Amino acid sequence: MKLPSLLLSIIPLSLAQTPPSPGLSYIGRTHISLGTPFPVGPGPFGNRSILPITGGNFTGPIFNATVRAFGGDWALGDPAQGNLYLDARHQLLTEDGADIFVEANGPQQADGVIHCRVRWEAGTDKGYAWLNGVVGVGILTPRFEEGGDGVEGIVVELWGLVTPGEKGLREHWG
Ligand SMILES: *[C@@H]1O[C@H](CO)[C@@H](O)[C@H](O)[C@H]1NC(C)=O
Ligand SMILES: *[C@@H]1O[C@H](CO)[C@@H](O)[C@H](O)[C@H]1NC(C)=O
Ligand SMILES: *[C@@H]1O[C@H](CO)[C@@H](O)[C@H](O)[C@H]1NC(C)=O
């Protein structure tokens with residue numbers, strides 16, 4: 001079988017019985033403000049509710065940004081399992097003017113937090129193309145109103161996967 005030459009350029013991990021675990025490099029924290037949710041109702045994939053994303057901010061060791069008032073979480077409630085499935089999209093605007101598209105989805109865990117897979121899409125002309133190569137994960141928790149118990153927004157902590165033995169994302173990409 002002839003392998004594509006691109007595949008041959010992949011460096012194999014050692015085939016030790018238990019492979020070393022990959023690392024996670026911290027990318028930052030997103031505060032997201034939510035508008036009034038509206039239900040779509042039960043459908044073919046579960047109970048769909050839409051939570052508008054109305055703004056927020058992102059702070060991290062590599063860059064900072066604001067969350068544009070444009071995006072949402074097309075959340076699915078799974079009545080059988082009693083949990084939520086996040087399906088969100090939003091836009092970051094970095095301090096130096098780059099627009100970055102962020103897509104995240106994933107299931108709520110038994111402890112209540114949501115684990116999500118994250119993908120970034122940045123233009124290749126403003127210094128953020130490295131984000132296109134990051135395989136991200138996030139942990140999402142609600143942020144409660146001060147002095148109240150209503151949910152005011154959400155906080156997402158974000159990491160990128162790092163090959164075992166490799167340096168962190170900052171050294172690798174920054
Ligand atoms: C669907 O979601 C809405 C909004 O969260 C909720 O009020 C409703 O009870 C849910 N319906 C079912 C069948 O789970
Ligand atoms: C980000 O948003 C949160 C929630 O609104 C706020 O508490 C925090 O001060 C903001 N951070 C920055 C750097 O603007
Ligand atoms: C991002 O903002 C935080 C809080 O304002 C600041 O401490 C940090 O240095 C900033 N990071 C970058 C990369 O500019």
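Entry 1. I looked up Leu 86 and left out its neighbours within four places in sequence; Leu 86 is then in contact with Asp 73, Ala 75, Ala 104, Asn 105, Gly 106, Ile 114, Cys 116 and Leu 140. I take two residues as in contact if their C-beta atoms, placed from the backbone, lie within 7 Å.

Entry 2. I note that this is a predicted model, in which local features need pLDDT of at least 70 and side-chain atom pairs count only at pLDDT 80 or more, while totals for chains, interfaces and linings use all residues. Residues are numbered from 1 along each chain as its sequence is written, and chains are lettered from A and ligands numbered from 1 in the order in which they are written.

Entry 3. I listed the elements and found two helices and nine strands. Along the sequence they follow the pattern α-β-β-β-β-β-β-β-β-β-α. Helices (H or I, at least four residues) and strands (E, at least two) are DSSP runs, numbered from the N terminus. The C-alpha atoms fill a box of roughly 55 × 40 × 30 Å along the principal axes.

Entry 4. I checked burial: 22% of the 174 residues count as buried. The term buried stands for 20 or more other C-beta atoms within 10 Å of a residue's own, exposed for 12 or fewer, and partly exposed for what lies in between, with C-beta atoms placed from the backbone. Of the contacts with a separation of 6 or more, 46% come from residues 24 or more positions apart.

Entry 5. I went back to Leu 86 for the largest nonpolar core, which has 29 residues; Leu 86 and Ile 100 touch the most other members. The elements that give this core two or more residues are β1 (23–34), β3 (46–59), β4 (65–78), β5 (83–94), β6 (99–107), β7 (114–122) and β9 (151–162). Such a core is a set of buried Ala, Val, Leu, Ile, Met, Phe, Trp, Tyr and Cys residues joined through C-beta atoms within 7 Å.

Entry 6. Which strands does β9 pair with? I found β1 and β9 antiparallel over ten bridges, and β8 (residues 136–144) joined to β9 by nine bridges, also antiparallel. Two strands pair if DSSP finds at least two bridges between them. Opposite residues in β9, I noted Val 162 for Gly 23, Val 155 for His 31 and Val 156 for Leu 140. β1 also pairs with β3, antiparallel over six bridges, and there Leu 34 has Ile 53 as its partner.

Entry 7. Beyond four places in sequence, Glu 157 is in contact with Arg 29, Gly 138 and Ile 139. The C-alpha atoms of Glu 157 and His 31 are separated by 9.0 Å, though the residues are 126 apart along the chain.

Entry 8. His 31 turned up again around ligand 2, together with Gly 56, Asn 57 and Thr 59. I count a residue as near a molecule if its C-beta atom, placed from the backbone, lies within 6 Å of it. β3 gives the most to this shell, with three residues. By class, the ligand 2 shell has four polar, no nonpolar and no charged residues. Ala, Val, Leu, Ile, Met, Phe, Trp, Tyr, Cys and Pro count as nonpolar, Asp, Glu, Lys and Arg as charged, and the others, Gly among them, as polar.

Entry 9. Around ligand 3 I found Thr 59, Ile 62, Phe 63 and Asn 64. This shell divides into two nonpolar, two polar and no charged residues.
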